[in-house]
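This report describes selected features of a protein–ligand model. The sequence and the coordinates are shown first, and the description follows.

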Amino acid sequence: MKKINAVITGIGAFIPDDVLTNEELSRMVDTSDEWIMSRVGIKERRVLKEEGKGLSYMAEKALSSLLEKTKTDPSEIEVVICSTTTPDFHFPSTASIVSERCGIRNAWAFDMEAACSGFIFALETGANMITSGKYKKVVIVAGDKMTSIVDYTDRNTCPLFGDACGAVLLEPTYEDIGVKDTFLRTLGIGEPYLRMTAGGSRYPATHDTIDKRLHYIYQEGRVVFKHAVSNMTEAALEIMERNRLSPDDVDFFIPHQANIRIIEAVGLRVGIPHEKVMVNIHKYGNTSAGTIPLCLWECEKQMKKGDKLILVSFGAGFSWGSVYLKWGYDGSQV
Ligand code: UT7
């Protein structure tokens with residue numbers, strides 16, 4: 001029997017129009033463009049400002065542009081996976097809200113959360129649904145409205161994050177393209193270093209949790225930085241080694257966009273020439289589950305069928321990993 005592969009056959013994205021610059025931030029907290037650019041590499045980030053609009057707004061835009069681009073009738077979609085840390089609500093799932101808005105009514109839909117590794121964890125999940133032979137069209141919507149959980153009085157975290165969302169369509173193929181291999185890991189040692197403390201079942205919202213500003217991102221950046229560099233490097237090297245890929249064989253290296261120094265350190269350690277390393281952190285900051293689909297969307301036009309991509313990510317938990325995929329279509333034809 002021929003092997004079924006799961007291939008990405010289209011990509012959509014949504015980025016809000018409103019821009020928050022380093023100059024504006026330096027009027028809000030004690031920071032500067034010079035510090036943010038040299039320590040993190042972010043020039044500006046996007047913010048979904050309108051009141052009453054959550055992740056579902058961006059997800060709907062990303063998913064409807066994907067359906068339009070791929071000329072997919074919503075009734076054909078069988079599964080919707082929404083990967084995010086900032087859903088509209090605890091429940092119902094953002095996936096259910098977005099499905100309804102996009103006219104997807106013959107599918108089952110659910111949210112999953114793996115922080116900044118959300119896209120690659122969802123890709124593994126969706127790809128396995130396709131390769132099982134049971135499903136023909138699975139969509140992944142991945143992104144975050146990070147600005148909804150950023151404390152704009154905390155200079156340690158407020159320059160880092162932005163809002164965006166991407167969406168991909170996964171379909172089966174017998175061709176030698178698509179998701180070839182994944183290496184994913186979670187090690188729960190990350191809890192003290194990167195989390196949002198309150199608002200869940202352990203510390204539900206009270207006046208006290210609000211007074212203590214516990215509904216925002218808390219991060220011990222230096223610890224997270226070290227783990228990000230070493231784990232992303234290991235994950236990329238592992239997947240390249242076991243698929244016999246040298247840096248020369250890799251056409252696009254797509255890392256999670258958390259810090260330009262992390263991206264450069266990982267690229268250097270893995271030996272990937274910098275022109276193959278995708279970077280857009282200067283424009284959008286860290287959009288958590290949104291960074292990798294946003295990079296794919298931005299370089300779609302340059303990618304050709306059969307190009308070899310390495311995706312690599314790291315986030316809260318800690319959760320990290322890498323994906324080796326062969327791109328499924330000529331982006332210049334889209
Ligand atoms: O996406 C999920 C995973 N997240 C990551 O991968 C993020 C990993 N961490 C990082 O990217 C970096 O650690 C940060 C960008 C968060 C921080 O950069 P850093 O070079 O590690 O800075 P630091 O936290 O060690 O702070 C160095 C100094 C401190 O001052 P002192 O104590 O040396 O006097 C901070 O108070 O920089 C100060 N500082 C700032 N100064 C101006 C921290 N934030 C700022 C700021 N502006 N915004």
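## Basis of the description

Helices (H or I, at least four residues) and strands (E, at least two) are DSSP runs, numbered from the N terminus. By this assignment, R244 belongs to the loop between α7 and β11 (252-255). The model is predicted.

## Residues with positive phi

R244 has a phi near 50 degrees, a positive value in a residue other than glycine. Most residues other than glycine have a negative phi, and most peptide bonds are trans. With a relative accessible area of 76%, R244 is above the 50% limit and therefore counts as exposed.

S288 also has a positive phi, of about 55 degrees, although it is not a glycine. Its position is the loop between α9 (281-284) and α10 (291-299). Is S288 buried or exposed? Its relative accessible area is 2%, under the 20% limit, so S288 is buried. A positive phi is found as well at G103, which follows α4; there the value is near 75 degrees.

## Cis peptide bonds

F91 and P92 are joined by a cis peptide bond, with omega about 0 degrees. P92 is part of the loop between β4 and α4.

A cis peptide bond also joins G317 and F318, where omega is about 5 degrees. F318 lies in the loop that connects β12 (308-315) with β13 (319-326).

## The ligand and its shell

The ligand is surrounded by 22 residues, and the closest are T31, R39, R222, N259 and N286. By residue class, the shell consists of 10 nonpolar, 7 polar and 5 charged residues. Which helices each supply at least two residues of this shell? They are α2 (33-39), α7 (221-242) and α8 (260-270). The most is given by α7, with 4 residues.

For N259, the distance to an oxygen atom of the ligand is 2.7 Å. In the case of Q219, the ligand atom is a nitrogen, and the distance is 3.2 Å. Taken alone, the ligand exposes 950 Å², of which the protein buries 76%.

D181 is located in strand β8 (residues 178-186). Its relative accessible area is 18%; since this is under 20%, D181 counts as buried.

Which side chain forms a polar contact of 2.8 Å with that of D181? The partner is R242. Apart from neighbours within four places in sequence, the residues in contact with D181 are I239, R242, N243, S322, V323 and Y324.

## Strand β7 and its partners

Strand β7 (residues 163-173) is largely enclosed by the rest of the structure, because 10 of its 11 residues are buried. Strand β1 (residues 5-14) runs antiparallel to β7 and is joined to it by 9 bridges. Within this pairing, I8 has L170 as its bridge partner.

Strand β6 (residues 138-145) is likewise antiparallel to β7, with 8 bridges between them.

## Helix α4

In helix α4 (residues 94-101), the buried residues are T94, A95, I97, V98 and S99. An α-helix has 3.6 residues a turn, so residues three or four places apart point the same way.

Against which elements do the buried residues of α4 pack? They pack against α3 (55-69), β4 (79-83) and β5 (108-112).

## Strand β11

Strand β11 pairs with β12 in the parallel sense, over 4 bridges. In this pairing, P255 stands opposite V312 of β12.

Methods
Residues are numbered from 1 along each chain as its sequence is written. This is a predicted model: local features need pLDDT of at least 70, side-chain atom pairs count only at pLDDT 80 or more; totals for chains, interfaces and linings use all residues. Side-chain values use heavy atoms; hydrogens and water are left out. Buried means under 20% relative accessible area, exposed over 50%, partly exposed in between (1.4 Å probe, protein chains only). A polar contact is a pair of N or O atoms within 3.5 Å; within protein, one must be able to donate a hydrogen and the other to accept it, and residues adjacent in sequence count only if both atoms are side-chain atoms. Contact means heavy atoms within 4.5 Å. A residue is near a molecule or strand if one of its heavy atoms lies within 4 Å of it. Accessible areas come from the Shrake-Rupley method with a 1.4 Å probe; for residues, only the protein chains shown count as cover. Ala, Val, Leu, Ile, Met, Phe, Trp, Tyr, Cys and Pro count as nonpolar, Asp, Glu, Lys and Arg as charged, and the others, Gly among them, as polar. Two strands pair if DSSP finds at least two bridges between them.
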